[in-house]
There are 2 protein chains.
Amino acid sequence: MPTALIGLGSNLGARAAACARAASLIDRLPQTRLVALSRLVESAPIGGPPQRPFVNAVLRVETGIRPGPLLRKLKRIERDLGRVPGLRWGPRRIDADLLYWGEAVVRNGSLDLPHPRIAERRFVLDPLAEVAASFRDPVRGCTLEALRDRAAPEVRGQEVSVMKPVPRTWKFLGERIARRQSDGARRAPARILRTVAALRRYVAAARRAGRSIGFVPTMGALHEGHLSLMRRAKRECDVVLVSIFVNPMQFGPREDFSKYPRDLAGDARLCSSAGVDAIFAPSVEAMYPPGFKTCVDMRDLTEPLCGRFRPGHFRGVMTVVAKLFLQVQPDAAFFGQKDFQQAAILKQMARDLDFPIRIVRCPIVREPDGLAMSSRNAYLSPEERSQALCLSQALTEARRLLRGGERRAGRLRRAMKRIVRAVSGARIDYISIVDPETLRDVEQATPSSVALLAVRIGPARLIDNAILGE
Amino acid sequence: MPTALIGLGSNLGARAAACARAASLIDRLPQTRLVALSRLVESAPIGGPPQRPFVNAVLRVETGIRPGPLLRKLKRIERDLGRVPGLRWGPRRIDADLLYWGEAVVRNGSLDLPHPRIAERRFVLDPLAEVAASFRDPVRGCTLEALRDRAAPEVRGQEVSVMKPVPRTWKFLGERIARRQSDGARRAPARILRTVAALRRYVAAARRAGRSIGFVPTMGALHEGHLSLMRRAKRECDVVLVSIFVNPMQFGPREDFSKYPRDLAGDARLCSSAGVDAIFAPSVEAMYPPGFKTCVDMRDLTEPLCGRFRPGHFRGVMTVVAKLFLQVQPDAAFFGQKDFQQAAILKQMARDLDFPIRIVRCPIVREPDGLAMSSRNAYLSPEERSQALCLSQALTEARRLLRGGERRAGRLRRAMKRIVRAVSGARIDYISIVDPETLRDVEQATPSSVALLAVRIGPARLIDNAILGE
């Protein structure tokens with residue numbers, strides 16, 4: 001079903017509750033399903049008499065109702081919620097605007113699609129990019145994320161602020177959508193695709209139906225970190241595709257390729273629970289048929305950090321990801337910040353080779369005690385598992401020192417090293433404070449510098465990192 | 001306008017003339033334009049009484065007539081040309097079948113689209129792939145070239161033979177189409193696109209209109225060799241896009257990057273005359289913005305031949321072509337056999353990285369005296385120009401010796417070397433007889449072996465090659 005994007009606004013009465021109520025009524029329209037909510041943002045009123053700030057949000061819905069009738073139903077909801085026709089720029093209980101309806105372009109006075117003033121209003125652009133970053137504006141031909149990022153300086157300068165804490169009514173609505181999606185996911189297991197041909201057919205059908213595609217490449221052995229990428233992809237794209245492929249080309253000869261954990265059935269269940277639509281799980285022979293000769297590589301970013309300890313690793317990663325990108329041709333691809341260097345390299349690769357793919361880096365997911373989630377944590381004995389806490393503890397210490405005013409990277413590194421060395425079984429590969437763009441060591445740390453470390457504990461080589469100011 | 005593919009067949013009376021007459025009548029239908037003719041192929045009749053072989057062909061037309069009315073008009077043309085309803089498998093003066101109409105899928109007894117027996121008949125599959133290799137079968141989801149190449153063994157075993165010489169009526173019709181295309185081209189100069197954004201908009205519009213895209217990457221300084229690629233692309237695709245970009249990354253530090261001939265205005269005129277729709281001519285800064293770091297590379301195929309003398313050259317070629325492929329996203333890309341090693345490498349790259357692009361290698365175009373066309377021939381003085389003939393003469397001698405039974409590659413090489421060495425100013429980089437797949441030297445030559453040579457004459461480094469059995 002086509003995607004419609006609806007803007008809400010209110011500056012009279014219980015503003016967040018009015019937005020939630022309108023969203024709830026929209027969700028109950030026939031053939032219509034609310035699939036994503038933006039956060040609520042506050043903005044100053046435009047023109048008119050002195051009045052309270054507006055609360056705004058954007059809804060993403062899938063709907064079988066054509067744009068004209070849908071707009072009339074929105075006007076009806078406005079009336080039902082007590083909006084009284086009055087001053088053009090005056091305060092209002094609720095405003096519901098149809099911003100986009102699929103790729104429809106309509107200009108007829110009563111219906112204007114896309115909505116004419118989108119690009120001038122940051123309180124619309126920000127929430128739009130939040131719920132539909134990959135959605136393409138049919139007139140401007142760019143994604144909503146690009147539309148936001150390229151907004152004029154005077155638009156970017158408009159003040160908007162995310163409402164915190166999230167009002168109860170809005171939070172409940174979000175939870176309802178999430179619950180429904182995970183229910184839906186339980187009913188529909190992710191489809192498993194084994195060959196490039198099957199993958200291409202699946203993707204072509206989704207494209208013909210006008211659906212955007214979010215892609216999460218993985219090596220399986222999925223954990224909550226991966227699932228967070230899938231959920232993020234589901235929020236931003238119509239179809240989510242996960243690849244599960246333990247890529248021999250990125251393992252060194254003495255590394256853990258053969259014993260890397262593999263459990264496709266279990267992984268498929270986890271994917272389904274996260275709302276994934278399809279899993280691409282090719283064989284090694286399908287990815288690297290006899291006579292395979294090509295590689296994608298990069299200088300600079302691949303040299304420091306893990307590049308020094310895993311020669312050829314990033315070449316293997318870049319080559320397999322370039323292949324996967326060309327096989328899947330997604331709108332957006334989602335990577336975890338835990339592999340900070342990998343994410344930086346792949347973002348640079350996509351830019352350099354002109355992959356028309358948005359690269360999204362998502363936050364690290366940690367266990368309650370701080371250990372970064374990793375498939376390789378499975379290698380740790382209970383004792384090693386507790387030793388492994390030294391990585392996140394070292395990062396916490398570096399951030400604490402920076403907050404306290406310490407800028408000398410050497411001091412931060414030494415403090416981290418002390419914490420790791422206090423653990424008997426820990427062997428340090430590197431501890432570095434680097435620039436987030438060049439990945440080169442800095443002398444003076446700033447809040448945007450990144451602390452990274454790789455430490456071997458028992459049979460596992462663990463990595464972790466943190467942006468110091470976050 | 002949608003593309004329709006029409007099959008013709010005749011085995012009664014003047015068979016080729018009947019096909020030409022039918023094609024001519026189809027060309028005169030309202031809102032309909034004949035854009036390509038296959039060659040005529042003969043095939044044995046299927047079933048029925050003893051009768052003469054059929055002459056068959058496929059026409060590619062662009063038409064605004066919907067499939068049902070178009071089929072009725074074809075039946076009318078059959079009657080007008082004297083077809084009498086009779087025995088189902090009997091001889092017939094002319095048969096005109098609607099094989100494809102855009103991506104329409106229709107099954108209603110009177111109209112079956114795609115035509116149901118296409119995949120079983122080599123006399124249809126071969127001409128279809130000839131005029132519309134990149135056209136996609138909407139049911140099978142593959143190109144017509146793939147449909148031909150994957151036909152069942154019993155279909156591939158069917159005997160069909162191309163009619164030679166080409167009957168006069170058929171040749172005239174082909175010339176009329178070519179003339180009209182070059183007239184059309186004169187009227188519509190190729191559009192020049194300077195940025196990746198403009199290119200993406202152009203390609204997206206063509207895609208939305210359902211048009212296939214043929215791509216010819218060049219460094220400009222166009223000659224008849226390039227134009228032959230563009231004409232081939234125009235025969236096989238709806239839209240032809242040429243890139244003109246002198247790629248610094250593929251030139252060595254002591255090579256001719258700065259003095260390489262550049263003439264965009266002249267090149268644009270030549271492109272227009274060959275029916276090219278758009279030219280992508282980016283700046284060096286647009287292709288390699290500051291901080292560019294990525295490369296695509298390959299082992300094995302890049303090592304022998306020119307790879308030994310131009311270190312890094314093929315890395316530069318692969319990287320720029322990968323970028324161009326991702327910018328243009330064509331259905332097919334056309335390369336000249338003159339750069340035999342380059343074509344082999346790019347075909348391997350496309351296969352290895354899963355570019356969904358058909359790589360087409362087209363024959364070398366030569367001056368009347370045998371010199372292979374090259375932009376670098378412009379560097380030659382009149383005297384050097386005549387010395388340069390030693391390359392093609394050496395290849396002719398190698399082919400003559402092979403035809404005479406000589407299989408020892410060493411003998412062939414020595415014979416070639418003698419011819420080149422007889423020219424005072426010629427300095428040999430290499431003379432090799434190689435396997436066409438691995439590009440490695442062979443001991444025993446076969447008709448599929450390739451002779452290649454690189455010779456420096458005056459300021460120019462010239463290359464040439466020949467498949468020995470051709």
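How many residues does the contact take from chain B and from chain A? The contact takes 24 residues from each of these two chains, B and A, where two residues are in contact if their C-beta atoms, placed from the backbone, lie within 7 Å. The structure is a predicted model, in which local features need pLDDT of at least 70 and side-chain atom pairs count only at pLDDT 80 or more, while totals for chains, interfaces and linings use all residues. Residues are numbered from 1 along each chain as its sequence is written, and chains are lettered from A and ligands numbered from 1 in the order in which they are written.

On the side of chain B that touches chain A, at least two residues each come from helix H7 (196-208), strand S13 (294-298), helix H12 (313-328) and helix H13 (340-353) of chain B. Helices (H or I, at least four residues) and strands (E, at least two) are DSSP runs, numbered from the N terminus. S13(B) provides the largest share of this side, 5 residues. Sorted by class, the side holds 12 nonpolar, 4 polar and 8 charged residues; here Ala, Val, Leu, Ile, Met, Phe, Trp, Tyr, Cys and Pro count as nonpolar, Asp, Glu, Lys and Arg as charged, and the others, Gly among them, as polar. Strand S13 (residues 294-298) of chain A runs antiparallel to S13(B), joined to it by 5 bridges, and strands pair if DSSP finds at least two bridges between them. Within this pairing, Met298(A) stands opposite Thr294(B).

Turning to the fold of one chain, chain A has 16 helices and 18 strands. Its C-alpha atoms fill a box of roughly 70 × 55 × 40 Å along the principal axes. The radius of gyration of chain A, 24 Å, agrees with the value near 23 Å that a compact globule of 470 residues would have; the radius is taken over C-alpha atoms, and the globule rule is 2.2 Å times the number of residues to the power 0.38. Of the contacts in chain A with a separation of 6 or more, 72% link residues 24 or more positions apart.

The largest nonpolar core has 263 residues, and Ile6(A) and Ile6(B) have the most contacts inside it. Such a core is a set of buried Ala, Val, Leu, Ile, Met, Phe, Trp, Tyr and Cys residues joined through C-beta atoms within 7 Å. Leaving aside residues up to four places away in sequence, Ile6(A) touches several residues, among them Ile26(A), Val58(A), Leu74(A) and Leu99(A).

Strand S10 (residues 213-218) of chain A is largely enclosed by the rest of the structure, because 6 of its 6 residues are buried. Ile213(A), Phe215(A) and Pro217(A) point one way from S10(A), whereas Gly214(A), Val216(A) and Thr218(A) point the other way. S10(A) pairs in the parallel sense with strand S11 (residues 239-244) of chain A over 6 bridges, with Leu241(A) as the bridge partner of Phe215(A).

Back in chain B, H13(B) is also largely enclosed by the rest of the structure, since 11 of its 14 residues are buried. Phe340(B), Ile345(B) and Asp352(B) are among these buried residues. After H13(B) comes Asp354(B), with a positive phi near 65°.

Terms used
Buried ≥ 20, exposed ≤ 12 C-beta atoms within 10 Å, placed from the backbone.
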